[in-house]
Amino acid sequence: EYQKSGDSAWTDCGGTEVTGLTNGTYYVRVKAAGTTLASDNQSVTINAYSSLPSETQPTATFTATGPDSGMLSGVDSGLKYSVDGGTWVDITGDNMSITNVTTTNGVQVKKPATDSNTKLDSDVQTITVTKATTPTGVTAVGCTSSSNNDGKLKNVTTAMEYQKSGAAGWTGCGGTEVINLTPGTYLVRVKATGTTLASDNQSVTINASGT
């Protein structure tokens with residue numbers, strides 16, 4: 001079903017396309033059915049008619065680096081990007097780190113008209129973004145020696161990474177367990193890859209010896 005931005009109601013899509021629409025921003029989602037909630041929205045824009053040619057549509061690439069962040073490449077300082085479906089931000093170089101990325105809006109890129117008297121803004125390039133599923137099965141094994149340096153994380157995979165709470169960086173999990181850890185709270189997530197954002201964190205605690 002679809003809805004023009006600002007409307008109060010949703011309209012069913014009757015087939016493979018919807019025709020006869022005016023220019024503006026439209027939201028499209030999969031309808032709710034039974035116990036299944038409606039999906040989040042995809043935002044698309046229908047441009048007004050003009051006899052002027054449009055700028056060339058960008059062909060940017062987005063590579064996820066975190067749960068809401070990533071790198072835009074294949075761009076230049078003449079382009080703009082949006083992560084909320086409407087607010088446009090200047091791109092400042094050939095590559096640009098961006099944040100606040102969501103699966104709802106993805107990443108949009110456009111080239112504004114260099115001269116509004118002779119050209120229109122380009123069509124908007126929309127990059128669909130997904131998010132990895134949060135792990136739930138990771139378990140912690142407490143330290144067993146007075147050195148308190150033999151704790152473990154179990155049931156991890158090579159697709160995951162971990163971080164001790166308060167640490168600055170993430171470390172990849174090399175197999176099904178991580179060994180030689182000190183006591184504390186650890187965060188575990190599925191790594192970002194391609195256009196898939198890193199998952200949210202599972203938190204587990206490694207206890208000190210004797211606790």
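Is T176 buried or exposed? T176 counts as exposed, because its relative accessibility is 60% (buried means under 20% relative accessible area, exposed over 50%, partly exposed in between, with a 1.4 Å probe and protein chains only). The model on display is predicted: local features need pLDDT of at least 70, side-chain atom pairs count only at pLDDT 80 or more, and totals for chains, interfaces and linings use all residues. Residues are numbered from 1 along each chain as its sequence is written, and side-chain values use heavy atoms, with hydrogens and water left out.

**First stop: T176 and its surroundings**

Select T176 in the loop between β15 (171-172) and β16 (177-181); strands are DSSP runs of E of at least two residues, and helices runs of H or I of at least four, numbered from the N terminus. Apart from neighbours within four places in sequence, T176 contacts L153, K154, N155 and V156 (contact means heavy atoms within 4.5 Å).

Select next E177 and K154, which form a salt bridge with the closest N and O atoms 2.9 Å apart (a side-chain nitrogen of Lys or Arg within 4 Å of a carboxyl oxygen of Asp or Glu). This pair links distant parts of the chain, with E177 in strand β16 and K154 in strand β13, 23 residues apart. E177 is partly exposed at 31%, and K154 is partly exposed at 31%.

**Second stop: the sheet**

Display β12, β13 and β16, which in that order make an open, antiparallel sheet of three strands; two strands pair if DSSP finds at least two bridges between them. The edge strands, β12 (139-141) and β16, each pair on one side only. Three bridges join β12 to β13 (residues 151-154), and A140 stands opposite L153 in β13.

Move to R189 in strand β17 (residues 184-190). R189 is buried, with a relative accessible area of 8%. Its side chain makes a polar contact of 2.7 Å with that of E161 (a pair of N or O atoms within 3.5 Å; within protein, one must be able to donate a hydrogen and the other to accept it, and residues adjacent in sequence count only if both atoms are side-chain atoms). Further contacts of R189 include W170 and D200.

From D200, select K131: the two form a salt bridge with the closest N and O atoms 3.4 Å apart. K131 lies in strand β11 (residues 130-131) and D200 in the loop between β18 (196-197) and β19 (202-206), so the pair ties together parts 69 residues apart in sequence.

Finally, select D121 and K110, whose side chains meet in a salt bridge (3.5 Å, N to O). D121 is partly exposed at 32%, whereas K110 is buried at 13%.
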